[in-house]
Amino acid sequence: MSQQRKALWDVDEDLQDVDLSLAIGNYGQNGIYDEAEPRIDEATLLAVQQQMVQQAAFAQIPDVVKRFIVHFHHAVLENNLAEITAAYESGWNRLTEKFYSKTEWPEAEVIAPLVNDDQIFLILYRELYYRHVYSRLQPDIDDRFHSYENSCELFNYLLNSDGPVPLELPEQWLWDIIDEFIYQYQSFCVWRSKAKSKTDEELILLADASQVWSSYSVLNVLYSLIQKSKINEHLVALQEGKSAEEIAEIVGEYGVRPLYRMLGYFSVVGLLRVHSLLGDFTLALKVMENVELNQKSPFTRVTACHVTTYYYVGFCYIMLRRYPDAIRAFVSILNFILRMRQYHTRSYQYDQINKTADRMYALFAICNALSPTRLDDNISNIVKERYGEQFTKMSRGEEGIPAFEELFLYACPKFISANPPPYEDPELRAAYIEEPPVEPAQRHLGLFLSEVRAQAPVPTLRSFLKLYTSLDAKKLANFLDADEEKMVQQMMVMKQASRSVSRVENEKGLLDGQMISTCDLDFVIDENMVHIAESTVGRRYAGWFIRNTEHAQRVFDGIRNSPLPAPPKAAPVANVSTDSAAPAASGPRPGGPRVAWGSVKAA
Amino acid sequence: MPSVASTWASPPTRTPLIENLVSGVDRYNPNNVGILEDYLYHQIRSEEYDCLANLAILKLYQFNPDLYNADVVINILIKALTSAPFPDFNLCISLLDERPVNTNPDEPDPLPSLLPTLTTLHNLLQQCRFPAFWAMYRSDEVESLRDNYTVECVGFENSVRDVVIRAVKAAFTRISSERLGTYLDLAEDDLAAYVQKISWSIDPSTGIVSVPRNPDNHIESTVVQENIQLSQLTKVVAHAAQTV
């Protein structure tokens, strides 16, 4: 390598100072050298120039980065998952912080000599390269087009080689590949929809390239991975309790390999996400029909995937007006995240997960305002802390609409339109810029708010009914200062708002469910009399007793297992055993019994 | 008995051919749009309803704007209208992406002018404002929708009445026949016949209609007691057993 570098310096002493891209650009345009040296054809010269640029760029790569890339390449060649994971999760991020926090990593062509021009590794390298550009820098149109091409090459290699490829990658990386693929698609669609701020060059490229990041091409990749891996058949077989051998038989040569199996599973979740972004909430849940939502599935090891799944499932349920199901999804995953918190050290995911969690708290507040339920205390306390103000407003009907709007826009997915603005037709494009269509998020917001408005009178009605066991409809209408007939119609709305389709007994498929009552206050109208009934839930003691019994047992074990003290040091030993028990015990202990009961709710 | 949701997600009237399109990847093939559109017109004629199949049409339109057929979209929305209080109507609207400006002045797109009407009708049903729904539906303003579309949709008015019945059945044990009449847009003999058809009874002297008992109009105050499962106690019991 140093030999080559030396030669380069000999050729052009000033290489470092010259703006090389500019030089190449000028050359192509004014053609001065063409006349001067007609025998050297343009292409060769360009190639030489380009090589020189690359060599110069190569020279600038810090040695530690070169060593890292060589090492990374070896780990991938040997399918050494532990080493790949280390390079992927810590090495890459550490070097990014140190050298590339504000610039691109070296281009794949530049580092190619380090990895013997290994095309597969270079594709993977580009995958990381572009992801870094998207997350830390501003991708330009070339980045967007090239990252698409690179994704296509990667999936082409995985799907269209002769048989399954012998590559192995950590599950986290496989998830990130699918996740990033959809993110870049979504990012492209949003960027593309802003027709106003495009340069002429961008306009030409966009007019030509209707296939780049098209919805069909993205769906095609996801469905192909699902079919190749036979992941749906795999999931069904797992549910039927088939043995490992039977499953291997069913899923075939691709599906038995972890790489394809996980990509298949992640693609199912990817479909859930793509369909949600496009506003097809029914189909989003339908593609998940073979996935069982629980925390024990072997596919939940990648936390980010798990969190994404619940976020989109919960959101789709909101749009299907199945608030109890949405609430269940959010409670389940938010508790999971709270429990995970103490173990989470991989910070680059942690931020993202926290952001998604915060949006789910907002969605939870929305659901709970629309369908008040007995809450999970842990989660509802956090919601009160973060969105207490909005929640109070949302529980008041019509006047809470701005609060619904605010939280919905904050917490909803980044909706996209399936089709580009008419770039190929300047006239239509001008019309499009003149009168831009409503943004997708605003469209979905409008639909959601129409649901909210329909049940706006419910909170007020409910607060009145809570005070009576029966009353005359006319009297109720007087209280509300409303026309009796109008009030009766609102009562029917209230009845409908307190019923919902919901999954109650582990129905197969996320779309299935039964009609349930969601409200503890119920009523019926007998001609002109309103009768009201309220269900109450007796205080729950068991959880508290069980937790504290278990705790007492642990303390007891702790004391029993400590060595017997020597007589004069009796006092300190007692301290030691309480110390070990202190963190858990400190909750219920202070204060009298009233406080202890109070904390049952909060625990 | 199949649940509400499973009947909705896969109605018994759906043929295997359609099932294959709705559940498989063939749903993305633009060549299949004709089959699904024919199925929609079959639903219109035979008082059937298959929301997911209709959403599949809208999905194809979403991805292939060239396929767009305004009449089909309007018929889908009319079908979805009467599934209130379920959110089908909004689910359909969700898939109607922004349409490019209509370039053909000879064949104006009827959807932009009808969509606000349909949306208002939907909101009225959603808010159980049934008398207002009928008043609007019968008004001159809605004439073109009636004459060109709902007239073709067999049993449209009766399916609106189904929406009413669902709402009334859940909220009332007894209801005066005047009130029910305004909700159903039926009077006297027609109303009596309708009430009889759905096996409700009408008291001839008072004109009060009794609504049969069902899970939603039968209410009682309950106290839910906590129910402890043995499995919750496994740890405690196991530990106690070890210690002894």
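Close-up 1. The largest nonpolar core holds 245 residues, and A:Phe448, A:Leu465 and B:Val168 touch the most other members. Domain 2 (61–115 + 128–138) and domain 3 (457–537) of chain A each supply at least three residues to this core. The model shown here, as in every view, is predicted. Setting aside neighbours within four places in sequence, B:Val168 contacts A:Met492 in chain A. Within chain B, its contacts on that basis are B:Ile175, B:Leu180, B:Tyr183, B:Trp200 and B:Val211.

Close-up 2. Strands of a sheet pair through backbone hydrogen bonds, in either a parallel or an antiparallel sense.

Close-up 3. E1(A) pairs with strand E5 (residues 529–534) of chain A. The sense is antiparallel, with 3 bridges. A:Leu471 has A:Val530 of E5(A) as its bridge partner.

**Close-up 4. The hairpin of E4(A) and E5(A).** These two strands pair in the antiparallel sense over 6 bridges. A:Phe523 has A:Ile532 of E5(A) as its bridge partner. The hairpin has 2 residues between its strands. In the turn, A:Glu527 has a positive phi of about 55 degrees. E4(A) is largely enclosed by the rest of the structure, because 5 of its 6 residues are buried.

**Close-up 5. Where the sheet passes from chain A to chain B.** E4(A) and E1(B) run parallel and are joined by 2 bridges. A:Ile525 stands opposite B:Phe172 of E1(B).

**Close-up 6. The interface between chains A and B.** Here 67 residues of chain B contact 69 residues of chain A. The two chains bury about 6000 Å² between them. Carbon and sulfur atoms account for 57% of that area. On the chain B side, B:Phe63, B:Ile219 and B:Glu226 lose the most area to chain A. Together these three make up 11% of what chain B's side buries.

Close-up 7. Chain A has 29 helices and 6 strands. Of its 603 residues, 49% are buried. Among chain A contacts between residues at least 6 apart in sequence, 71% join residues at least 24 apart. A:Ala329 sits in helix H18 (residues 323–341) of chain A. A:Ala329 counts as buried because its relative accessibility is 6%, under the 20% cut-off. Leaving aside neighbours within four places in sequence, A:Ala329 contacts A:Tyr310 and A:Gly314. A:Tyr317 is 12 residues from A:Ala329 along the chain, and their C-alpha atoms are separated by 9.1 Å.

Definitions and conventions
Residues are numbered from 1 along each chain as its sequence is written. Chains are lettered from A and ligands numbered from 1 in the order in which they are written. This is a predicted model: local features need pLDDT of at least 70, side-chain atom pairs count only at pLDDT 80 or more; totals for chains, interfaces and linings use all residues. Side-chain values use heavy atoms; hydrogens and water are left out. A nonpolar core is a set of buried Ala, Val, Leu, Ile, Met, Phe, Trp, Tyr and Cys residues joined through side-chain atoms within 4.5 Å. Buried means under 20% relative accessible area, exposed over 50%, partly exposed in between (1.4 Å probe, protein chains only). Domain bounds come from an automatic or database domain assignment. Contact means heavy atoms within 4.5 Å. Two strands pair if DSSP finds at least two bridges between them. Helices (H or I, at least four residues) and strands (E, at least two) are DSSP runs, numbered from the N terminus. Buried area is the accessible area (1.4 Å probe) that two parts lose on being put together, summed over both.
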